[in-house]
Amino acid sequence: MTDFDINSLVRPCIQALEPYSCARNEFHGQASVWLDANESPYNAPFNRYPDPLQAQVKAKLAQVKGVEAGNIFLGNGSDECIDLVYRVFCEPKTDNVVAMSPSYGMYEVCAHINDVAYRKVPLRPDFSLDVQALLGAVTPHTKAIFLCSPNNPTGNAIDTLLIERILDQAGCLVVVDEAYADFSSQPSMRHKLARHPNLIVLSTFSKAWASAGVRLGMAFASRAIVELFNKVKYPYNVNCLTQQYALEHLKKLDQLAGWRNAILAERGRLIDALARLPQVLKTYPTDANFVLVKTVDADGIYAHLCREGIVVRNRNRVEQCLGCLRITVGTPQENDAVINAISNYGNK
Ligand SMILES: *Cc1c(COP(=O)(O)O)cnc(C)c1O
């Protein structure tokens, strides 16, 4: 994209902000006596504040993800990154964001929390993206477009050529949430950062990396955007336990690949089995670790599964998802359990 000036999109109060300078930011170098941060001298290593910019984790992630460390922001889950898009760029009551619908609920919740208008553009009935409609929803006050690929809850990925067209034509930030990208055959957009200064790619430890409990999310973006996020985030937003965990976990890439392959194999088996059930009207194509299924009676089947101790996500009241349940791919035993339970629904 040409002539893109990130500074013209930043909220004036953030542009002018003098960020909090924490003790760990002000001293650079080697030391053995730390009396600068009112920490306790006891209970090492937990007595010390964590690295506010998570340099070790980012160095390792840079290798694994093929992105420079300076293009990585780490947050308390990718939900923190989503919220930062609003807090850095969107002036309450004035600016807006554009997003596809249905999609991940946090984009809209964060818009409401930040008092920013949320302009929804419906996906087509087959859940493909209408790029003309999306770009048509952009106004002079649109600061960002949220794309989710593969999309939650529909499961399908957006063609990268379409995403690039949006990046070229939008005139605002484009956030591509790739929470499920490890399950997709499509390449990640993070390798296109150099060509698109308005691109923010979100990723997370929560799905393929099997670590939702540790709360670690990533944003890949230009250095300018990463610096803005760093300016606004809580100084110690990623705690030392999470940073230690991430460093260890990033050594287990073979294990992560094994888990992902197991889930992909089970995904195919689960979809085939569900598609054969009379209770299931349709299974939607998926690039994620879940499948959206249209059923004869979403509320009834949901309640039936709950009685069996099986919890799925009822999407019956979500736009364009009438009759739909979203089922996460589990272990072979768990998948058998949900298949059996649904097949028993309606049989007396
Ligand atoms: C699960 C999910 C996330 C992950 O959020 P974390 O805060 O990193 O756990 C992000 N985006 C989408 C679309 C998701 O479904």
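**Figure 1. Salt bridges in the predicted model.** The count comes to 13 salt bridges, a salt bridge being a side-chain nitrogen of Lys or Arg within 4 Å of a carboxyl oxygen of Asp or Glu. The model is predicted, so that local features need pLDDT of at least 70 and side-chain atom pairs count only at pLDDT 80 or more, whereas totals for chains, interfaces and linings use all residues. Residues are numbered from 1 along each chain as its sequence is written, and side-chain values use heavy atoms, with hydrogens and water left out.

**Figure 2. Close-up of two salt bridges.** Side chains of opposite charge can pair when their charged atoms come close. Arg48 and Glu39 meet through their side chains in a salt bridge, with 2.6 Å from N to O. Arg48 counts as partly exposed at 27% relative accessibility, while Glu39, at 16%, counts as buried (buried means under 20% relative accessible area, exposed over 50%, and partly exposed in between, with a 1.4 Å probe and protein chains only). Lys93 forms a salt bridge with Asp115, and their closest N and O atoms are 2.7 Å apart.

Figure 3. A nitrogen atom of the ligand lies 2.6 Å from a polar side-chain atom of Asp177, and an oxygen atom of the ligand is 2.6 Å from an N or O atom in the side chain of Tyr180; a polar contact is a pair of N or O atoms within 3.5 Å.

Methods. A polar contact is a pair of N or O atoms within 3.5 Å; within protein, one must be able to donate a hydrogen and the other to accept it, and residues adjacent in sequence count only if both atoms are side-chain atoms.
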